[in-house]
Amino acid sequence: MRDALPRDRPEQYGAAAWVLILSLDMLPWPWGERLLALTFVLKACVQVSCLRQALRWAGAQSLSGARRWRLAMALLAHHGRALARSAIVGLRSPEAWRPYVKIRGEEHLRSARGGAILLGFHVGMPGSDIALRVAGQHVRWLGGNRVSRGWSRPAWRPLVDGDDELEIDAGPLGGGVLRRACRVLLAGEHVYLTADGGVGREAFRVPLPGGPLVVRAGWLALRTHTQAPVLPVLSHREGPTHVVTIHPPLPADLVSCEMILGRLFEDYTRRFPEQCYTLAFPPPGGTTALAA
Amino acid sequence: MTDPILRRVLAIVSRVAGPGRTPPDAGPETGLGEQGYWLDSVDMLEVVIACEHEFGVVLTDPADLTGKSLTSVRTLAELIERKLA
């Protein structure tokens, strides 16, 4: 077992984080998530730079005193939960998760003629594309390499089948995958990708309290070549439930897109500031470095 | 390698990269990524679509668009030549 760990460990996880994940995975869901949330809060007491960063973010949300500290602690705890969820710690099967997945705004997806671009963001809970699949939507995923123990379980494989994953690389190689994604959209299938990943050309920045949201350009290129509607998708956690909200399609012009995304995120950061972990902790190596 | 294909691919890549990123000594061996034209994924999508239109080929097979075929202007031209054969 000890020898097998380094071989099986996905590269985005540090060795200590991976051992912790494997240990917590043995517990019934959601205890592993809860304990990892607590671990992140305790870790920040030792790694003071994390605590300072969380407090800086909380201060930028116009909070002070005890409320600022509470938000900082909640933000750190959410970061731990998000890491646990990205590895699907403790969730044995999609069926076990289904009662805790709620999709809002599905009518926007239903009214899309042909394929739609579902534009996700690294806020709330990770795995919204998986949540959509669990809820019965057929969604292709386009993004960087993702490997986790949870998804390699036989019970999860039908939902993360290799054919449904469009794995993109940095640099020119990614262009080939974008071309395949164009074909998928033109064939009438939906493609989910995140707009704020660490890879790709920057399209624009949405200024937000505490730091900007950096929006990449890949989805714009897909839209240009397919005319597919772009539906922003935001997720948040309500207790144990993963709520995915599909918003109405973005308008064609870029200035209006910036404005609408700005409004969506102003509202999101006001309602769920503790779930904005990538805005509070922008990873230097991009979102793939999140869990390291 | 048919020279006209190479020349046309070179022209497409240079047009997408623009004068700012086209190396002064750009040629068939110039890389498409770092140390060459510095194309990113969005640029490469433009190049692939332009090549499809220019040559009437379809380049969506995962086996087509690999690291090997997207290394340089020459390897991309060789891919197109194979598709035309």
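Tutor: Let us take helix α5 of chain A, residues 65-86. It has 22 residues and reaches 32 Å from its first C-alpha to its last, close to the 32 Å expected at 1.5 Å a residue; the expected span is 1.5 Å times one less than the number of residues. Helices here are DSSP runs of H or I with at least four residues, strands are runs of E with at least two, and both are numbered from the N terminus. The model is a predicted one, in which local features need pLDDT of at least 70 and side-chain atom pairs count only at pLDDT 80 or more, while totals for chains, interfaces and linings use all residues. Residues are numbered from 1 along each chain as its sequence is written, and chains are lettered from A and ligands numbered from 1 in the order in which they are written.

After α5(A) comes A:I88, whose phi is positive, near 50°.

The largest nonpolar core has 104 residues, and A:A54 and A:I117 touch the most other members. α5(A) gives the most to this core, with eight residues. Domain 1 (4-86) and domain 2 (95-275) of chain A both contribute residues, so the core lies between them. A nonpolar core is a set of buried Ala, Val, Leu, Ile, Met, Phe, Trp, Tyr and Cys residues joined through C-beta atoms within 7 Å. A residue is buried if 20 or more other C-beta atoms lie within 10 Å of its own, exposed if 12 or fewer, and partly exposed in between, with C-beta atoms placed from the backbone. In soluble globular proteins, nonpolar side chains tend to be buried together.

Which residues is A:A54 in contact with, leaving aside its neighbours within four places in sequence? They are A:A44, A:A72, A:L75, A:L76 and A:A280. Two residues are in contact if their C-beta atoms, placed from the backbone, lie within 7 Å.

Chain A is divided into domain 1 (4-86) and domain 2 (95-275), with bounds that come from an automatic or database domain assignment. Taken over C-alpha atoms, the centres of domain 1 and domain 2 of chain A are separated by 23 Å. Their contact takes 14 residues from domain 1 of chain A and 13 residues from domain 2 of chain A. On the side of domain 1 that touches domain 2, the elements giving two or more residues are α4 (48-60) and α5 of chain A. α5(A) gives the most to that side, with seven residues. The residues of this side of domain 1 divide into nine nonpolar, three polar and two charged. In this division, Ala, Val, Leu, Ile, Met, Phe, Trp, Tyr, Cys and Pro count as nonpolar, Asp, Glu, Lys and Arg as charged, and the others, Gly among them, as polar.

The secondary structure of chain A comes to 13 helices and nine strands. Of the 292 residues of chain A, 46% count as buried. Among contacts in chain A between residues at least 6 apart in sequence, 73% join residues at least 24 apart. Elsewhere in chain A, the peptide bond from A:W29 to A:P30 is cis, with omega near 5°, and A:P30 lies in the loop between α2 (15-24) and α3 (31-46).
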